[in-house]
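Open the structure in your viewer and keep the selection tool at hand. This tour goes from stop to stop, saying what to select and what is there.

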Amino acid sequence: MNILVTGGTGYIGSHTCIALLESGHSVIIADNLSNSKSESIKKIIDISKKEVTFFEIDVTDEEAVDHIFRNHEIDGVIHFAGLKAVGESVEKPLEYYYNNVVSTMVLTKACQTYGVNRFVFSSSATVYGDNTVPFVETMSLLPTTNPYGETKAMSERILTDFANVNPSFSVSLLRYFNPVGAHESGLIGESPNGIPNNLMPYVTQVAKGKLHNLRVFGNDYPTIDGTGIRDYIHVLDLAEGHVAALENQTEGVHVYNLGTGKGTSVLELVKAFEEANDIEVPFEIVDRRPGDIASCYAETSKAKRELGWSAKRDIVTMCRDAWRFEKNNME
Ligand code: NAD
Ligand code: UD1
């Protein structure tokens, strides 16, 4: 298939482009490079030994998107492009709603115009809010307390409403848990701008000496050791989950959790990282981070049953691959 990958130079998008190319699909990337670099393209080509087509465009730009659909035979869209910093979304709500929701509408409209019937959307476990773990696809969604999370819930809704009146349209809403790690080549991975908000990039930067020590946000949650539990998933497993979703897509709306189903606490992750890489990660316990929930992990049987996909890489592999990329990334 010929797949339009929006946000394809970003962290998850670049790994997914490689997985698509390795599975024999062709890739057209559309990205405005607001949170990634064009060097990503070269790395995707180096790793996969396949060519890709790249358009530096903003996917909220209807004309630019239309131009791609008009001039290329597109079989499906994977829509990664989006702004993703939770804290920033509280500061800049309009920017987040505009970028993340309008891009979904523009792409869906282009699919309608050009008769493209396969759509895969990057959603997030954040749409479950503070539900009871494990999170199951059939649960009612709860408010997410921040504009970023609401843009995911709104995009899910828009795609669902559209699919409901366009029976030949198939859409997979993929709810990611916590993507971490990097490609085993060490060439591509997650390189957040400024001080990282997420745990794994913070840990790798502490290990490298770029940051002083990890601040563990709270040790009084009702969890195994009091620290927050999350379902960390290797980005390569996540990438393969997209290929499985695309290749097994049937008409209608399909929601899938992409996680491992296994919860890991902050302190467990730190210990796994130290052991996997034989390096120390100094930390201190500080107050809880506002908006955090105690536990978040997936019920994963639906993806296994319907897509034949499940995550294979363990936490040690995630820690090793994340550290290899950080070491190679000399900035
Ligand atoms: P990323 O920032 O690395 O990649 C997103 C890419 O989209 C970037 O390359 C950016 O330049 C591009 N982009 C943003 N707005 C655009 C626009 N209007 N037009 C064109 N390009 C645009 O982020 P990521 O971690 O790879 O996340 C990919 C998707 O997955 C996002 O939608 C994100 O919300 C979602 N997601 C990520 C996580 C996570 O922890 N990384 C978790 C759940 C969901
Ligand atoms: C965050 C986002 C969520 C998004 C997810 C994946 C918030 C409030 N939520 O969730 O919307 O879908 O990333 O991108 O930002 N931790 C520390 N110290 C740190 C960083 C994190 O102790 O420096 C802890 C957190 O309290 C949490 C765990 O580590 O218990 C994971 O945090 P993080 O990586 O930020 O992911 P989420 O909180 O799951």
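This is a predicted model: local features need pLDDT of at least 70, side-chain atom pairs count only at pLDDT 80 or more; totals for chains, interfaces and linings use all residues.

**Stop 1: ligand 1**

Select ligand 1 and show what surrounds it. The shell holds 26 residues. Asp-31, Asn-35, Ser-36, Lys-84 and Asn-99 are the closest.

Now show the backbone of Gly-10, Tyr-11 and Asn-32. A polar backbone atom of Gly-10 is 3.4 Å from an oxygen atom of the ligand. At Tyr-11, a backbone N or O atom lies 2.8 Å from an oxygen atom of ligand 1. Asn-32 has a polar backbone atom 3.1 Å from a nitrogen atom of ligand 1. How much of the accessible area of ligand 1 does the protein cover? The cover is 95% of the 820 Å² that ligand 1 has on its own.

Next, color by secondary structure. Helix H1 (11–22), strand S5 (118–124) and helix H6 (147–165) each bring at least two residues to this shell. S5 gives the most, with 3 residues. By class, the shell has 10 nonpolar, 12 polar and 4 charged residues.

**Stop 2**

The peptide bond that joins Val-133 and Pro-134 is cis, with omega about -5°. Most peptide bonds are trans.

**Stop 3**

Most residues other than glycine have a negative phi. Here are two residues with a positive one.

Select Leu-33, in the loop between strand S2 (26–30) and helix H2 (39–48). Leu-33 is not a glycine, yet its phi is positive, near 60°.

Then jump to Asp-278. Look for it in the loop between helix H9 (266–277) and strand S13 (283–286). Its phi is also positive, at about 55°, although Asp-278 is not a glycine. Is Asp-278 buried or exposed? Its relative accessible area is 73%, so Asp-278 is exposed.

**Stop 4: ligand 2**

Select ligand 2 and its surroundings. Which residues come nearest? Of the 18 residues around ligand 2, they are Leu-199, Arg-215, Arg-230, Arg-289 and Asp-292.

Asn-198 has a side-chain N or O atom 3.0 Å from an oxygen atom of ligand 2. A polar side-chain atom of Arg-289 is 2.8 Å from an oxygen atom of the ligand. In Asp-292, a side-chain N or O atom is 2.6 Å from an oxygen atom of ligand 2. On its own, ligand 2 has 740 Å² of accessible area, and the protein covers 87% of it.

Helix H7 (199–208) and strand S8 (214–217) each supply at least two residues of this shell. S8 gives the most, with 4 residues. The shell around ligand 2 divides into 8 nonpolar, 6 polar and 4 charged residues.

**Stop 5: Ser-170**

For the last stop, select Ser-170, in strand S6 (residues 170–176). Ser-170 counts as buried because its relative accessibility is 5%, and the cut-off for buried is under 20%.

Show what Ser-170 touches. Leaving out residues up to four places away in sequence, its contacts are Asn-117, Arg-118, Phe-119, Gln-249, Thr-250, Glu-251 and Gly-252. Zoom in on Asn-117: its backbone oxygen lies 2.7 Å from a polar side-chain atom of Ser-170.

Terms used. Residues are numbered from 1 along each chain as its sequence is written. Chains are lettered from A and ligands numbered from 1 in the order in which they are written. Side-chain values use heavy atoms; hydrogens and water are left out. A residue is near a molecule or strand if one of its heavy atoms lies within 4 Å of it. A polar contact is a pair of N or O atoms within 3.5 Å; within protein, one must be able to donate a hydrogen and the other to accept it, and residues adjacent in sequence count only if both atoms are side-chain atoms. Accessible areas come from the Shrake-Rupley method with a 1.4 Å probe; for residues, only the protein chains shown count as cover. Ala, Val, Leu, Ile, Met, Phe, Trp, Tyr, Cys and Pro count as nonpolar, Asp, Glu, Lys and Arg as charged, and the others, Gly among them, as polar. Buried means under 20% relative accessible area, exposed over 50%, partly exposed in between (1.4 Å probe, protein chains only). Contact means heavy atoms within 4.5 Å.
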